[in-house]
Amino acid sequence: MNTNNNDVKAVSVTGLGMMGTTLARLLLQAGYHVTVWNRNPEKAAQLVQEGAILAPDAAAAVKASPVTVICVRDYNAAREILGATEVKAVLPGRVVIHLSSGSPKEAEEMETLIKAQGAAYLDGAIQAAPSQMGRPDTPIFVSGGTPAYQQAEAILRVFGGSVTYFGGQAGAASAIDLATLSAIYGTMTGFLHGARIVEAAGFPVDKYGALVAGITSTFGDFLQHEANVIRSGNFEISQSPMKISIDAMERILQQAEDAGIHSGFPAYAAGLFRQAAKAGLENEELAALIKVLR
Ligand SMILES: NC(=O)c1ccc[n+]([C@@H]2O[C@H](COP(=O)([O-])OP(=O)(O)OC[C@H]3O[C@@H](n4cnc5c(N)ncnc54)[C@H](OP(=O)(O)O)[C@@H]3O)[C@@H](O)[C@H]2O)c1
């Protein structure tokens, strides 16, 4: 098998947890020459049977290919691997695609470490479970130098068809990852509070789930409208006056108290809306709540 450094179809994968193993397997299936390394080498056994080459150490793995994909638990683990003297010695001229989850600050620091060795750096965030990888709609966020992105794009598209490149700032992909996760966890918290309202009222939670699923697409359109309002800077009422939400949050908080259910979520949200009222934003579009958050 050809693992020549100049072979654009040669890729090394470091970190063979659930995600790294999936990434290596997808590359093998796509016809790449794949060299792998994992701290615990036993995890490479199956991939070797499928055609991967097991490198004896991380430096040998990096040396085997022009592009190295690293996907380990976190940035501390990645720093331990990529910051080792023997690995740094073989980094010059290579591209590192880092797909562990982390913060924008960690991404920028990692870029500094990698660039100092004369290698190019791309930082990515995967928004899917291992079983969802490799599909046309699998979302991958990536940022870092444009030449490196151009070199690595085909590899990223093996991992997921929906690759979004956010430009040269290495921390951008992590920032967008955290922003979308914030939307998901915020929605989830509100959804679960709603489930407690439903439970306390004696209605089946699965029917509530179906009702919420039914409005998800319309809600998506509404979120896009509010984002457009923020971008435009024009907070004149266009769809949803703030005062409706101020009153609704007070009712949701009151219901939590009346029904004797946990009031943490509505108390927090009502607190934000009270600040909006105090700031005189009642007669602006709902998106003006961002002025409180600013
Ligand atoms: N799984 C998912 O659904 C998912 C989805 C999106 C993003 N991600 C992200 O992908 C990354 C990997 O996730 P995973 O699910 O593959 O995790 P995992 O199955 O727990 O695997 C963790 C990997 O990190 C390695 N590792 C941990 N500490 C290390 C260290 N100090 N030195 C060297 N290697 C070390 C482990 O090596 P050993 O085998 O030797 O312990 C293993 O290869 C994480 O950042 C995760 O947030 C995962």
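The C-alpha centres of domain 1 and domain 2 lie 40 Å apart. The model is predicted: local features need pLDDT of at least 70, side-chain atom pairs count only at pLDDT 80 or more, and totals for chains, interfaces and linings use all residues. Residues are numbered from 1 along each chain as its sequence is written, and side-chain values use heavy atoms, with hydrogens and water left out.

**Exercise 1. State the bounds of the two domains.**

Solution. 
- Domain 1 covers 10-167 and domain 2 covers 204-293.
- These bounds come from an automatic or database domain assignment.

**Exercise 2. Give the strand order of the sheet and find its edges.**

Solution. 
- Take the elements as DSSP runs, numbered from the N terminus: helices are H or I with at least four residues, strands are E with at least two.
- Two strands pair if DSSP finds at least two bridges between them.
- Eight strands then form an open sheet, ordered 3-2-1-4-5-6-7-8, with mixed pairing.
- Strand 3 (53-54) and strand 8 (162-165) each have a single partner strand, so one side of each lacks a neighbour in the sheet.
- Strand 1 (residues 10-14) pairs with strand 2 (residues 33-37) in the parallel sense over five bridges. Here S12 stands opposite T35.

**Exercise 3. Describe the partners and the two faces of strand 5.**

Solution. 
- Strand 4 (residues 67-70) pairs with strand 5 in the parallel sense, over four bridges. V67 stands opposite V95.
- Strand 6 (residues 120-126) also pairs with strand 5 in the parallel sense over four bridges. There V96 stands opposite Y121.
- Now the faces. In a regular strand the side chains alternate between the two faces of the sheet.
- In strand 5 (residues 95-98), V95 and I97 are on one side, V96 and H98 on the other. All four are buried, meaning under 20% relative accessible area; exposed is over 50%, and partly exposed lies in between (1.4 Å probe, protein chains only).
- Strand 5, helix 6 (residues 104-115) and strand 6 make a right-handed β-α-β unit. Right-handed means that, with the strands pointing away from the viewer, the path from the first strand over the helix to the second runs clockwise.

**Exercise 4. Is T68 buried or exposed, and what does T68 touch?**

Solution. 
- T68 lies in strand 4.
- T68 counts as buried because its relative accessibility is 2%.
- Contact means heavy atoms within 4.5 Å.
- Not counting residues up to four places away in sequence, T68 touches S12, T14, A61, V62, V95, V96 and I97.
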